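Here is a short briefing to read alongside your model. Have the sequence and the 3D view open as you go.

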Amino acid sequence: AVCPPTGFRVGMKLEALDRKQSGMMCVATVADMMDSRILVHFDSWDGIYDYWADMTSPYIHPVGWSRHNGHGLMPPNGYSEKTFTWEAYLRETQSVAAPARAFKQRPACGFKRGMLLEAVDIRVPQLIRPAIVVDVKEYMIKLNFIGWPDYYDLWYDDDSTDIHPIGWCKKAGHSLESALGPEDFDETPECGTPGCRGIGHIKGAKFATHNSPSGCPYSPQNRHKIKINTNRLNNTHDLYGYDDESLEGLAAKSSNHTRLTDRRSDNANYNFELEEDDRERE
């Protein structure tokens, strides 16, 4: 059934960013709906890569957006990127494109460099640290955990549920890690990484603590290994995260990649030629 508040329907097609691995715009389907959110499913791929997105999300776009903006589009498995066309695919799948009017991209949240906040440390998610905004790029902010060297800086979505205003931990009853001071670097912990208290493990929640560099999420050998996920494009295990080196690694995988910081969306004024046909079929 048509959902008037959003314009989306289950089964409609769209283009969406693969946020977990490739950094590419991909062919996707509205798999489910809840209020103003849609469940994005990448066509021909496993459901573990699905994610929920609000209709204002900057990571979803109308059919034809990539071509209109000069970006590459990753087609479903079995289709050639060079020969794939939305017109033929919609006919083959007997589906319709989500109307351009349904996409209402939100503005950036307005963060500025120097702002202070409290943020979940992605390397050890049970820890929340005081942080400062050191860079802003469209819908992402780069955070430095106060006192930590800048090579531990991380990028977050500006509407991420992992970032909070100052005082959130106290109000929520969650412990807040102390900012590091010079004295913290004079001590050598068991794992050998200054500033680390032995909490967390590079292998995730399977281990609560570590006592060696190989298990330390902050050790030089693990610094960029924030998360491990199966690459849906080639069924291999690759590391991914939001540190600078990881983002550059994704960029190098494809000359047609769509970087999070490079997109310029004009969904509000976008007029794809299939939209008229979509209205007739609705």
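A residue counts as buried under 20% relative accessible area, exposed over 50%, and partly exposed in between (1.4 Å probe, protein chains only). Helices (H or I, at least four residues) and strands (E, at least two) are DSSP runs, numbered from the N terminus. This is a predicted model, where local features need pLDDT of at least 70, side-chain atom pairs count only at pLDDT 80 or more, and totals for chains, interfaces and linings use all residues. Residues are numbered from 1 along each chain as its sequence is written, and side-chain values use heavy atoms, with hydrogens and water left out.

**Helix H2**
- In helix H2 (residues 86-93), the buried residues are Trp-86, Ala-88, Tyr-89 and Leu-90.
- These buried residues pack against strands S1 (13-17), S2 (25-34) and S6 (73-74), with contact meaning heavy atoms within 4.5 Å.
- Gln-94 follows H2 and has a positive phi, near 50 degrees.

**Nonpolar cores**
- A nonpolar core is a set of buried Ala, Val, Leu, Ile, Met, Phe, Trp, Tyr and Cys residues joined through side-chain atoms within 4.5 Å.
- The largest one has 37 residues, and Phe-8, Val-40, Phe-42, Tyr-51 and Ile-60 have the most contacts inside it.
- S2 gives the most to this core, with six residues.
- Domain 1 (12-102) and domain 2 (115-245) both give residues to this core, so it lies between them; the domain bounds come from an automatic or database assignment.

**The open sheet**
- Five strands form an open antiparallel sheet in the order S10-S9-S8-S7-S11, where two strands pair if DSSP finds at least two bridges between them.
- Four bridges join S9 (residues 140-145) to S10, and Lys-142 has Trp-155 of S10 as its bridge partner.
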